[in-house]
Amino acid sequence: MTARTRCRGPRAPARGFTLVELLVALALLGLLSATLFGSLALSGRSWDAGEAKAAETSSMRTAQEFLRAQLEAQHGQRMKKMPEWPLLFAGEREEMRFAAALPARVQGGGVWYYRLYVAEVDGKSSLVLDRMVPDVTGSALPDFGGAEHSVLATGIRSVTIRYLGLDPGASTAGGFEPAWRDRWQDAQRLPQMIQIDVETERGTHWPTLYATPREAP
């Protein structure tokens with residue numbers, strides 16, 4: 001036996017994990033798993049929120065573009081058998097009625113009578129546009145009985161409409177200035193400008209829509 005062999009002591013046995021170390025490792029693994037799961041869940045919620053926001057924005061833009069096109073292409077349709085031939089236009093703070101042409105590709109076109117307001121449709125608060133073909137030879141303004149309904153957007157809490165124009169019977173020649181009002185009561189002319197503000201159920205607001213009806217059809 002050589003001197004090197006004599007100096008080498010017995011081999012130390014291999015050392016494993018203690019129970020405490022194993023429990024600590026399992027706890028750390030659980031913590032990391034919980035953190036990873038939370039991150040994935042947060043990412044999923046962020047993705048869903050982003051998609052919902054994109055869908056809401058697309059719906060808002062489509063609705064506003066349609067409304068602006070319809071309001072600015074208004075037709076000065078009148079009731080031909082009523083005294084003074086009133087226009088088919090009625091403006092309230094939360095509802096507006098107006099006449100405008102429907103594109104020929106949709107149900108053959110023609111001049112239709114519309115009503116814009118907020119109502120519950122299939123359990124959802126929605127921005128609704130009713131439409132019907134008006135009987136301009138009737139003795140009273142149409143009441144939208146049997147009208148067709150189109151949902152422009154869902155998740156809508158309220159719509160606020162204002163109208164810019166002169167008082168009934170007033171003229172700019174008399175030095176009168178147009179003013180914003182919550183109701184339009186002039187049955188002989190359309191407002192100079194219409195302002196529409198929409199609030200969603202989440203508390204957000206659409207960009208204010210301004211539309212200028214044309215003076216002559």
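# A predicted model, helices then strands

Read along the sequence, the pattern is α-α-β-β-β-β-β-β-β-β-β.

Student: What kind of model is this, and how are residues numbered?

Tutor: This is a predicted model, in which local features need pLDDT of at least 70, side-chain atom pairs count only at pLDDT 80 or more, and totals for chains, interfaces and linings use all residues. Residues are numbered from 1 along each chain as its sequence is written, and side-chain values use heavy atoms, with hydrogens and water left out.

Student: How many helices and strands are there?

Tutor: The protein has 2 helices and 9 strands. Helices (H or I, at least four residues) and strands (E, at least two) are DSSP runs, numbered from the N terminus.

Student: What share of the protein is buried?

Tutor: Of its 217 residues, 31% count as buried. Buried means under 20% relative accessible area, exposed means over 50%, and partly exposed is in between (1.4 Å probe, protein chains only).

Student: New topic. Where is Leu19, and is it buried or exposed?

Tutor: Leu19 sits in helix H2, residues 19-72. Leu19 counts as exposed because its relative accessible area is 60%.

Student: Where does Gln74 lie?

Tutor: Gln74 is in the loop between H2 and strand S1 (89-91).

Student: Why is Gln74 called buried?

Tutor: Because its relative accessible area is 1%.

Student: What does Gln74 touch?

Tutor: Not counting residues up to four places away in sequence, Gln74 touches Phe89, Phe98, Ala99, Ala100, Leu190, Ile194, Pro213 and Arg214. Also, a polar atom of the Gln74 side chain lies 3.3 Å from the backbone oxygen of Leu71.

Student: What about Gln77, buried or exposed?

Tutor: Gln77 is buried, because its relative accessible area is 13%. Gln77 lies in the loop between H2 and S1. Leaving aside neighbours within four places in sequence, Gln77 is in contact with Pro86, Leu87, Leu88, Ala99, Val111 and Val136.

Student: How many aromatic pairs are there?

Tutor: There are 4. One of them is Tyr113 with Phe144, a stacked pair at 5.0 Å centre to centre, with 25° between the planes. Tyr113 is in strand S3 (residues 110-121), and Phe144 is in the loop between strand S4 (124-132) and strand S5 (148-154). That pair links distant parts of the chain, 31 residues apart. Both Tyr113 and Phe144 are buried.

Student: What counts as a pair, and what counts as stacked?

Tutor: Rings of Phe, Tyr and Trp (its six-membered ring) pair if their centres lie within 6.5 Å. Planes under 30 degrees apart count as stacked, over 60 as edge-to-face and the rest as tilted.

Student: How many salt bridges does the structure hold?

Tutor: It holds 9 salt bridges. A salt bridge is a side-chain nitrogen of Lys or Arg within 4 Å of a carboxyl oxygen of Asp or Glu.

Student: Which parts does the Asp130 and Arg115 pair link?

Tutor: The two side chains meet in a salt bridge, 2.7 Å from N to O. The pair links Asp130 in strand S4 to Arg115 in strand S3, 15 residues apart. Asp130 and Arg115 are buried.

Student: What does Arg162 form a salt bridge with?

Tutor: With Asp182, where the closest N and O atoms are 3.4 Å apart. Arg162 is in strand S6 (residues 156-165), and Asp182 is in the loop between strand S7 (179-181) and strand S8 (193-200), 20 residues apart. Arg162 counts as partly exposed, at 26% relative accessibility. Asp182 is partly exposed too, at 33%.

Student: And Asp167 with Arg181, how far apart are the closest N and O atoms?

Tutor: They are 2.6 Å apart, in a salt bridge. Asp167 lies in the loop between S6 and S7 and Arg181 in strand S7, so the pair ties together parts 14 residues apart in sequence. Asp167 is partly exposed at 42% relative accessibility, whereas Arg181 is buried at 18%.

Notes. A polar contact is a pair of N or O atoms within 3.5 Å; within protein, one must be able to donate a hydrogen and the other to accept it, and residues adjacent in sequence count only if both atoms are side-chain atoms. Contact means heavy atoms within 4.5 Å.
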